[in-house]
Amino acid sequence: MDFLIVTYCLYLAISVSLTVWVARTLFRNGRIFLVDVFHGNESLADSVNHLLVVGFYLVNLGYVSLALKLGYDVTTARGSIEALSQKVGVVLLVLGAMHFFNLYVFSRIRRRSVLEIAPPPVSPDACIARAR
Amino acid sequence: MLTVLYDARCQLCRKARSWLEDQPKYVPLEFVAAGSDDARRLFPGLDPASTLEDLTVISAEGGVYRGAKAWVMCLWALRKYREAALRLSTPEAMPVARRLIAWVSRNRLWLSSTMESLGLEGRSR
């Protein structure tokens, strides 16, 4: 049994599944957020959401692929599990960092959108008619 | 749109006007010299003497804001300073802002001449 190939296959299966899971979470919950940011414009929100998710997949699957190679041989089940835990651990950290970065970007977009429609924070001292 | 009635005799006020005009805005600002014929024509209901004492801002709906509130409204109109305007208008910050702005307003002519003598004149309009 070639433990290295099995390790690689498990690594890819786990990493790709995790990436898809996080991407779908972002897609579903990010949509609600974006519709609010774009003041109800659903088609624009869907469009931006889709673009962001594509970028997310590109970066994360790219990383997963680049980080695949182990660099040493694995000949036992123990070796396989240890190698897997290391590789998957780093993938999870990268996914986590990307996830928080996305949330940060979303919150900046939302803050700008909220500011744009913020009404005057003070009330007038008096009211007059304008001669125009 | 907001109309800003400012003291055109005061160098400090003219500099502030230049600065405000240069800033990117959410809401356009129109500047009219307080106490001028234009001001009287546009706002017949406003006492010219009071508009010369304190910065006065009038909204499109006819709301009149004076002193610190007028300054908050100017900042609210600016893209880079709207958030600062929201923070300044909290119950904690507003009294401090009000005192500071009232002090600057009372001493603006003195401040202007000090700035001039220190060579801090900018371009005036």
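Predicted model: local features only at pLDDT ≥ 70, side-chain atom pairs only at ≥ 80, totals over all residues.
## Notebook: how chain B meets chain A

I began at the interface of chain B and chain A, where the rule finds 12 residue pairs in polar contact, both residues at pLDDT 80 or more. A polar contact here is a pair of N or O atoms within 3.5 Å; within protein, one must be able to donate a hydrogen and the other to accept it, and residues adjacent in sequence count only if both atoms are side-chain atoms.

Residues are numbered from 1 along each chain as its sequence is written, chains are lettered from A in the order in which they are written, and side-chain values use heavy atoms, with hydrogens and water left out.

**Entry: the contact**

I looked up which parts of chain B touch chain A. At least two residues each come from α2 (37-42), β3 (56-59), β4 (63-66), α4 (68-77) and α5 (82-88) of chain B. Helices (H or I, at least four residues) and strands (E, at least two) are DSSP runs, numbered from the N terminus.

Sorted by class, that side of chain B has 16 nonpolar, 5 polar and 8 charged residues. For the classes, Ala, Val, Leu, Ile, Met, Phe, Trp, Tyr, Cys and Pro count as nonpolar, Asp, Glu, Lys and Arg as charged, and the others, Gly among them, as polar.

In the contact (heavy atoms within 4.5 Å), I find 29 residues from chain B and 19 residues from chain A. The area buried between the two chains is about 2000 Å², and carbon and sulfur atoms give 57% of that. Buried area is the accessible area (1.4 Å probe) that two parts lose on being put together, summed over both.

**Entry: salt bridges**

How many salt bridges are there between chain B and chain A? I get 2, using a side-chain nitrogen of Lys or Arg within 4 Å of a carboxyl oxygen of Asp or Glu as the rule. One pair I checked is Lys69(B) with Asp125(A), whose closest N and O atoms are 3.5 Å apart.

Over all chains the count comes to 11 salt bridges. Among them is Arg31(A) with Asp46(A), with the closest N and O atoms 2.6 Å apart. This pair links distant parts of the chain: Arg31(A) sits in helix α1 (residues 3-37) of chain A and Asp46(A) in helix α2 (residues 42-66) of chain A, 15 residues apart.

**Entry: the sheet**

Next I followed the strands. An open sheet of 5 strands has the order β1(A)-β4(B)-β3(B)-β1(B)-β2(B), with mixed pairing. Two strands pair if DSSP finds at least two bridges between them. At the edges I see β1 of chain A and β2 (29-33) of chain B, each with a single partner strand, so one side of each lacks a neighbour in the sheet.

I then went along the pairs:

- Strand β1 (residues 126-127) of chain A runs antiparallel to β4(B), joined by 2 bridges. Ala126(A) has Val64(B) as its bridge partner, and Cys127(A) stands opposite Gly63(B).
- β3(B) and β4(B) are antiparallel with 3 bridges, and Thr56(B) is partnered by Arg66(B). Their hairpin has 3 residues between the strands, and Gly62(B) takes a positive phi near 95° there.
- Strand β1 (residues 2-6) of chain B runs parallel to β2(B) through 5 bridges; Tyr6(B) is the bridge partner of Ala33(B).

**Entry: overall shape**

Chain A has 3 helices and 1 strand, in the order α-α-α-β from the N terminus. Its radius of gyration is 23 Å, well over the 14 Å that the globule rule gives for 132 residues, so chain A is more spread out than a compact globule. For the record, this radius is taken over C-alpha atoms, and the globule rule is 2.2 Å times the number of residues to the power 0.38. The C-alpha atoms of chain A fill a box of roughly 90 × 30 × 20 Å along the principal axes.

Chain B has 7 helices and 4 strands. Its radius of gyration is 14 Å, close to the 14 Å that the rule gives for 125 residues, so chain B is as compact as a globular protein of that length.
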